[in-house]
Amino acid sequence: MLDLAERRQDGFIALKDIAERQGISKKYLEQIVPLLNKSGALRTTRGYQGGYMLAKAPSRYTVGDILRITEGSLAPVSCLDDDDEVNMCDRAEDCMTLPVWSGLYKVIEEYLDSITLQDIIDKNNSVQSDEYYI
């Protein structure tokens, strides 16, 4: 997604080009792209000039959104997944650690939802430093 964001002015980008630039296998990308495509995050075209591009501006994609599409829930324990009724364990009411996991989940989501692809590009284009997003 970041590769596509950086090259959005180039139009549709072939998976083989992304794989080569990012040093990852094309087969791996072929597993992720359908998830992103189905979610509406990508636009696709086939043929000689075919490839993929972002469906929206990089500022409209958060790291959290992308991870939820590609990885599923960001919850550190399954009982905090979106469908609480299905995943809630029998001990949830008496679980002493559930508040710890719930707090961690909240921090993870807030942090990842606060960073957009555009933020990453801007940070990379600014003076290189050892600062991390905090």
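The model is predicted, so local features need pLDDT of at least 70 and side-chain atom pairs count only at pLDDT 80 or more, while totals for chains, interfaces and linings use all residues. Residues are numbered from 1 along each chain as its sequence is written, and side-chain values use heavy atoms, with hydrogens and water left out.

I turn to the pockets. On a 1 Å grid over the protein atoms alone, a cavity is a set of points where a 1.4 Å probe fits but cannot get out, and a pocket is an open set with protein on both sides within 12 Å along at least five of seven lines; lining residues have an atom within 4 Å of a point. Grid points are joined across faces, edges and corners, and a volume is the space filled by probe spheres set on the points.

The largest pocket holds about 540 Å³ of space. It has 26 lining residues, and Met-1, Leu-2, Asp-3, Leu-29 and Ile-66 are the closest to its centre. Two or more lining residues come from each of helix 1 (2-6), helix 2 (15-22), helix 3 (26-38), helix 4 (63-71) and helix 7 (117-125). Helix 3 gives the largest share, six residues. Helices (H or I, at least four residues) and strands (E, at least two) are DSSP runs, numbered from the N terminus. By class, this lining has 20 nonpolar, three polar and three charged residues. Ala, Val, Leu, Ile, Met, Phe, Trp, Tyr, Cys and Pro count as nonpolar, Asp, Glu, Lys and Arg as charged, and the others, Gly among them, as polar.

The second largest pocket holds about 160 Å³. Its lining includes Lys-26, Glu-30, Arg-46 and Tyr-52. Helix 3, strand 1 (42-45) and strand 2 (51-54) each give two or more residues to that lining, which divides into three nonpolar, five polar and three charged.

Finally, burial. In helix 2, Leu-15, Ile-18 and Ala-19 are buried (under 20% relative accessible area; exposed is over 50%, partly exposed in between, with a 1.4 Å probe and protein chains only). They cover an arc of only 100° around the axis, which puts them on the same side of helix 2; the arc is that of the directions from the helix axis to the C-beta atoms. Lys-16 and Glu-20, on the other side of helix 2, are exposed.
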